Amino acid sequence: MSEESAPGPKESPLAARQAGSREVWKKGGRLLSVLLAVNVLLLACTLISGGAFNKVAVYDTDVFALLTTMMLLASLWILFYLLRTVRCPDAVPYRDAHAGPVWLRGGLVLFGICTLVMDVFKTGYYSSFFECQSAIKILHPLTQAVFVVVQTYFLWVSSKDCIHVHLDLTRCGLMFTLTTNLAIWMAAVVDESVHQTHSYDSSHSNASHLHLAPDRESGSSVGGDCSCNTAICQIFQQGYFYLYPFNIEYSLFASTMLYVMWKNVGRLLASSTHSHGHTPSRVSLFRETLFGGPILGLMLFVVGLAVFIIYEVQVSGEGGRTQQALVIYYSFNIICLGLMTLVSLSGSVIYRFDRRAMDHHKNPTRTLDVALLMGAALGQYVISYYSIVAVVVGTPRDLLGVLNLAHALLMIAQHTFQNVFIIESLHRGPPGAEPHDTTPKEPCHGLTFANVDALHTLPACPPTPRVVGTNPVGPQEAMAIILAPRGHWRRRCLKDISLFLLLCNVILWIMPAFGARPHFSNTVEVDFYGYSLWAAIVNICLPFGIFYRMHAVSSLLEVYVLS
C-alpha cells in the first residue's frame, strides 16, 4: 500500500476501510481536476496558436482577454486558499520536506522580479500609443503583475503543504492555476518565436507565413497610426522581448511547484516532520570543494558570454562575418559539451565506488524532477537528429557542416550522460548512509572514542558503534562521522562536478534564451528541409531545450547540496 494511504499500526479496521475509501475518491478527484485542466489548456492553446497567424480571425486582444480572465480567477482562488488555511489550523496537518526547496523558491522569486520588470516595460510600450489600442492590452500586464506577486507569495509559504480540507476544490484550483501558468508560457513562447521569425525575415529573402496579430490589427498595415517610432517606445519594446526568457522560466518553475502541491493534497505522512530526505540544515557555497570545477566553470561562463556577444554582433553583418561568428559559436559549444560529457561520465564512475544506500522512498518532487529532465531533453534530441540527417545527407561538405555535425552528436551525448549523473545523484541516500547489512556481528560494548583514525583499526567493531558521552550521537550521525575521512575525496569531486555542470548549463541557457539562433544563421538545415518546416521544428522543440538547461541547474544545485 502506498505511503499516502497506509493506515497506522493502531488503527481500527473501520479506520482502515475509511482510508481505503479516501484513496478511491482521491483518484476520482484527481481525474476531475485533470479533465478541467486539459479542457482549459486546449482552449488556451487554440486561441494562442490561432492568434499567431495573420490568416486566422483570432486577434491578440482575444488572447489577452482569456489570459487576463484566467489570471484573475487563479488569483482569487489563491487568496481563498490562503484565507482558508489561516482560519483553519488543522487544514495542513503535514508538510512535505522535499517540496519547495529554498533554491527553487529563490529562483522563483528572482524570475518573478524580472517578470514584474517585463510587465512594466509592456505597460509602457502599449501606453505609448494608447489612443489606438484596446484597453485589454494595458490591463493584461497589470493583471499579470498582480498574479505574479500573489502566486509567488503563495508558493513561498505553501509549497510544502499537504492540505486536508476541500480536497476536490483544492485539486481543481491547483490544476487550474497550473494551467494558467502553462498558458502564459505558451503565449510567451509563441510571441518570442514570432519575434525571432520577423528578425530573420528582415535580414533574409525567405518569406514567412507567420505574423503577429497586433501587426495585422493595429500596426503599420493600418496606416501606421500605432507604429512605434519614439525612442522610449522602442526601448520598452526591446526591453520586454529581452525579459521574455525570465517570464518563461517563472511560469515553468511555478508549474512544477504547483504539480507537487497537487500530488500532496490529502497525503498522509508519519508526522508533521516526516521526511525520508536528507536536506541539510546549512548550505555553504564552495564548501568542501577542490575549486577545480568552480574555476573551470567560471572560465567557460565568461568565455561563453564573450562568444555570445561576438555572435550577436557579427551574425547580422556580412556573410563572411556571419560564418566567422558561427565557427566561433560552434567551436565553443563543442568544447563545452565535450567537457560536460567527460565530467558527467566521471561522476557516474565515482558513484561506482560509493557505498551510500539508494533512496527508494516515495517522493513526488524527485519523480517530477526525473520526468522533466527526461521529457525536456527530447526537444534538443529532435533538433540534433534533424541536424545530423541534414548534414550527412545534404550535399555541402564544408567546415560549418563538420562543426554542426559534431555539435549535434555531442549535444545528444551530453544530455544523455548528464541525465544519468543527475538521476543517480537524486536517488542516493545522505552522506554516510550505507546499505543495510544484515550479517550478525560481535557487538562492541562500552565503546568510547576520541580518535576517529584509531576507530578504523578496530576490526571487531560493527559499522554503527555505541557512542557514550554527554551529548549522545545517533547511529546515522555516528556513521557519517566515521565514514567522513574515507568518502571525503568522493564528496569533494562530486561537489566540483555538480558546480562545473551547473555553471555550464547556465551559459548554455543564456545563449538560446536571449536570441542565439544558429539553426537559422547556418543555412544547412534551412536549405535541406525548407524554412517553414525547419522553423516549426525549432520553434516547437527549442523552448523545451531552454527549459531543460534551467531545470538541470536546479537539479544540480540539489545534487551539490546533498553530495
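Where is the place of His140? I looked this up first. His140 sits in helix 4, residues 136–158. I note here that the model is predicted.

**Entry: His140**

His140 counts as buried, because its relative accessibility is 4% and the cut-off for buried is under 20%. Then I listed its contacts, leaving out residues up to four places away in sequence. His140 touches Phe64, Leu67, Thr68, Met71 and Lys122.

**Entry: the whole chain**

I stepped back to the overall counts. The protein has 17 helices and two strands. Of its 563 residues, 52% count as buried. Among contacts with a separation of 6 or more, 86% are between residues 24 or more positions apart.

**Entry: salt bridges**

How many salt bridges does the count come to? I get two.

I took Arg95 and Asp161 to begin with. Their side chains meet in a salt bridge at 2.6 Å, N to O. This pair links distant parts of the chain. I compared the exposure of the two partners. Arg95 is partly exposed, at 35% relative accessible area. Asp161 counts as buried, at 5% relative accessibility.

Next I turned to Arg171 and Asp168. Their side chains also form a salt bridge, at 3.7 Å, N to O. Both residues lie in helix 5. They are three residues apart, about one turn of the helix. Arg171 counts as buried at 2% relative accessibility, whereas Asp168 counts as partly exposed at 24%.

**Entry: Ile163**

I moved on to the loop between strand 2 (161–162) and helix 5 (167–203), where Ile163 is found. Is Ile163 buried or exposed? Ile163 is buried, with a relative accessible area of 4%. I then checked Ile163 against Arg95. Their C-alpha atoms are separated by 8.5 Å, although the two residues are 68 apart along the chain. Leaving out residues up to four places away in sequence, I find that Ile163 touches Tyr81, Thr85, Ala91, Val92, Thr170, Asn264, Val265 and Gly266.

**Entry: helix 7 against helix 8**

I looked up how these two helices pack. Helix 7 covers residues 231–242 and helix 8 covers residues 244–263. They pack at an angle of about 40°, and their axes are 4 Å apart. Which residues make the contact? Helix 7 brings Tyr240, Phe241 and Tyr242. Helix 8 brings Tyr244, Pro245 and Phe246. By class, I count six nonpolar residues in this contact, no polar ones and no charged ones.

**Entry: the largest nonpolar core**

The largest nonpolar core has 138 residues. Phe154, Phe421 and Trp509 touch the most other members. Which helix gives the most to this core? Helix 17 (residues 531–562) does, with 18 residues. Why does the core lie between domain 1 and domain 2? Domain 1 (22–202 + 228–267) and domain 2 (288–430 + 481–562) both give residues to the core, so it lies between them.

Setting aside its neighbours within four places in sequence, Phe421 is in contact with Ser344, Gly347, Ser348, Tyr351, Leu494, Ile497, Leu501, Leu556 and Val559.

How values were computed
Residues numbered from 1 in each chain as written. Predicted model: local features only at pLDDT ≥ 70, side-chain atom pairs only at ≥ 80, totals over all residues. Heavy atoms only, no water. Core = buried A, V, L, I, M, F, W, Y, C linked by side-chain atoms within 4.5 Å. Buried < 20%, exposed > 50% of the residue type's maximum accessible area, 1.4 Å probe, protein only. Domains from an automatic or database assignment. Contact = heavy atoms within 4.5 Å. Axes fitted to C-alpha atoms, helices over the stretch in contact; angles between N-to-C directions. Nonpolar A, V, L, I, M, F, W, Y, C, P; charged D, E, K, R; others polar. Salt bridge = Lys/Arg side-chain N within 4 Å of Asp/Glu carboxyl O.
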